[in-house]
Structure formats: C-alpha cells, structure tokens
Amino acid sequence: PHYAKAKMALARIYLEKRDDNEKYIHCYQELAREANDTKSWSALGEAFITICEPEYAIQAYEYAAKLDKTNDPGFKRAMAKAYVTCHFFKPAVEYMEEACRLDPDAIDLQMDLSALYIRLKRFGEAEDWL
C-alpha cells in the first residue's frame with residue numbers, strides 16, 4: 001500500500017509541478033503492471049482521463065473489467081463516463097444500465113443514466129429511469 005501511495009504522489013508531482021504527462025502516465029502504468037488488480041488498472045484509466053486520453057482510458061478500464069470480480073457499480077459508472085468522453089454512447093448506456101441494475105437504490109446512477117438518455121434525445125427511456 002505504501003508503494004502505491006508513493007507512486008501516485010510521484011505521478012502527481014510529474015503532472016502538477018513538472019507538467020510531464022508522459023512520466024505521469026508511466027508511474028500509473030508501472031503500478032498497474034506490478035499490482036495487476038482492478039484498482040490499479042482503474043487508477044490508470046482515471047489518469048488517462050486526467051490528461052484527456054479517453055481512448056487509452058477505455059483500454060485500461062476494459063482490462064480492469066476483466067479482472068473485476070465484484071461487479072462494482074462505481075467502476076461501471078467510471079467506464080461509462082470514459083465511453084461518453086469518446087462519444088461511444090451505446091457501450092456507455094450498457095454499462096450505466098448494468099450499474100443501475102446492480103444497485104437499484106443508487107439514485108445518482110439513475111440520474112446519470114437519464115441525463116445520458118436525454119443527451120441522446122431518447123426521452124422516453126430517460127423518463128423510465130427516473
């Protein structure tokens with residue numbers, strides 16, 4: 001756990017103080033390869049989103065999804081946001097719907113899904129999820 005925190009702190013320094021996106025991502029890539037778990041690959045996806053590289057974020061999230069055994073709705077939501085960023089709306093809707101089915105009490109997930117449907121001008125489906 002200390003190694004991961006140190007690596008993320010180093011990455012933050014590269015991003016914020018040195019404005020070096022390549023070294024920032026490299027820190028997260030090393031962490032993901034060494035830990036090889038859902039959390040580290042998701043962190044890599046978030047890092048790619050931070051530097052506006054959603055295509056690479058999707059690749060990291062998809063690898064994390066292969067490792068994911070928990071069916072965490074929050075993880076599915078993060079994947080959906082990456083897909084929306086790339087304008088891949090069909091997989092985004094699928095991930096959001098699955099997240100809503102996994103956690104039917106999560107109103108914020110349902111609101112996000114409805115907002116996505118509204119963005120896609122599918123008003124009837126947006127209303128169904130509200």
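This is a predicted model: local features need pLDDT of at least 70, side-chain atom pairs count only at pLDDT 80 or more; totals for chains, interfaces and linings use all residues.
Residues are numbered from 1 along each chain as its sequence is written, and side-chain values use heavy atoms, with hydrogens and water left out.

**The nonpolar core**

- Y28 is also one of the residues with the most contacts inside the largest nonpolar core, together with Y24, I25 and L44; this core has 37 residues. Such a core is a set of buried Ala, Val, Leu, Ile, Met, Phe, Trp, Tyr and Cys residues joined through side-chain atoms within 4.5 Å.
- Two or more residues of this core come from each of α1 (2-16), α2 (21-35), α3 (38-50), α4 (54-67), α5, α6 and α7. Helices are DSSP runs (H or I, at least four residues), numbered from the N terminus.
- In soluble globular proteins, nonpolar side chains tend to be buried together.

**How α1 meets α2**

- The axes of α1 and α2 are 7 Å apart, and the helices pack at an angle of about 165°. Axes are lines fitted to C-alpha atoms over the stretch in contact, and angles run from 0 to 180 degrees between N-to-C directions.
- That angle makes α1 roughly antiparallel to α2, a term for angles over 145 degrees.
- On the α1 side, the residues in contact include Y3, M8 and A11, and on the α2 side they include Y24, C27 and Y28.
- Sorted by class, this contact of α1 with α2 has 11 nonpolar, one polar and five charged residues.

- S42 sits in helix α3 and is buried, with a relative accessible area of 10%; buried means under 20%.
- Y61, A64 and F75 are touched by S42, not counting residues up to four places away in sequence.

**Two loop residues with positive phi**

- Most residues other than glycine have a negative phi.
- H87, in the loop between α5 (73-85) and α6 (89-102), has a positive phi near 65°. H87 counts as exposed at 52% relative accessibility, exposed being over 50%.
- K121 has a positive phi near 60° and lies in the loop between α7 (107-119) and α8 (123-129). K121 is exposed, with a relative accessible area of 64%.

Terms used: Buried means under 20% relative accessible area, exposed over 50%, partly exposed in between (1.4 Å probe, protein chains only). Angles under 35 degrees count as roughly parallel, over 145 as roughly antiparallel, 65 to 115 as roughly perpendicular and the rest as oblique. Contact means heavy atoms within 4.5 Å. Ala, Val, Leu, Ile, Met, Phe, Trp, Tyr, Cys and Pro count as nonpolar, Asp, Glu, Lys and Arg as charged, and the others, Gly among them, as polar.
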